[in-house]
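Here are some notes for a first look. Please read them with the model open beside you.

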Amino acid sequence: IQQIEQTNSAILRTYYANALDHNLIDIKTVKYIVEGKIKPKAFAERGIEQYVKAEEWLHTQLDQPLTVGMLYQLHKILVLDLYNNREDVNLFTVNATKAPEKLSPTAELELESLFEYMNHDSEHHPVIQSWVLHFKLLQIRLFSEAKSKMASLLQNFWLAKKQVNMNGLLSLEHELYVNKTEYQGFLGETRDVEKIAATEQQLLDFGMQLYVSQLDRLKTLLRSYFRQQVEFD
């Protein structure tokens, strides 16, 4: 059951993280890509594959602290490899490729300060820390693409690192998508000034509400498994 639901959660994380980044694709296709049953061809499908690769790479880094270098590697996987590692790239498709981006000195300083806090804070619960990480990343001027994906990936990395991701069963991106109007306000994709100027406590309250909603979904799911096994109606 755990293995089945870990796979299902990976599918949901990938599907909704891409949907939030305006790459809405059929969930059955996402399922087949995550499970390695089809080779993605279209640009949108390859975006799904790169997200899976990014999550798999982060899983190999669980014993490492957060660093600015991780963001550069995520940019390479999510953006550079997506645009450049294609069969149709040649001298005549130069405008369709992407050049590496450099974070501004200000952004790097903000990230170093954020990661210093994350790597050494011992006062706050890891779940709260994960939402601090997520929303601070949204507020920093990162690369031109995939900001929300990076925030979600690093939040999941942190939860897994601290072993509070329910053994890989969490898919917080689902909750973010259900509440996407409010979330996009925090992301700066709407003109809602109140959302953009939200206090840190408002952001954390919002995030923790989503975390509780996700736990409720898991509770309902596991209860249904239990009732099936004991033939209880």
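Between which two helices is histidine 22 found? Point 3 takes this up.

1. Basis. This is a predicted model, in which local features need pLDDT of at least 70, side-chain atom pairs count only at pLDDT 80 or more, and totals for chains, interfaces and linings use all residues. Residues are numbered from 1 along each chain as its sequence is written, and side-chain values use heavy atoms, with hydrogens and water left out.

2. Overall build. The protein has 11 helices and zero strands. Helices here are DSSP runs (H or I, at least four residues) and strands are E runs of at least two, numbered from the N terminus. Read from the N terminus, the order is α-α-α-α-α-α-α-α-α-α-α.

3. Histidine 22. This residue lies in the loop between helix H1 (2-20) and helix H2 (27-34). Histidine 22 counts as exposed because its relative accessibility is 58%. The cut-offs are over 50% for exposed, under 20% for buried, and in between for partly exposed (1.4 Å probe, protein chains only).

4. Methionine 166. Look in the loop between helix H7 (147-161) and helix H8 (172-178). Methionine 166 is not a glycine, yet its phi is positive, at about 55°. With 35% relative accessibility, methionine 166 counts as partly exposed.

5. Of the 233 residues in the protein, 45% are buried. Take the contacts (heavy atoms within 4.5 Å). Among those with a separation of 6 or more, 68% join residues 24 or more positions apart.

6. Surface. The accessible surface of the protein is about 13000 Å² (Shrake-Rupley method, 1.4 Å probe). Carbon and sulfur atoms hold 51% of that surface.
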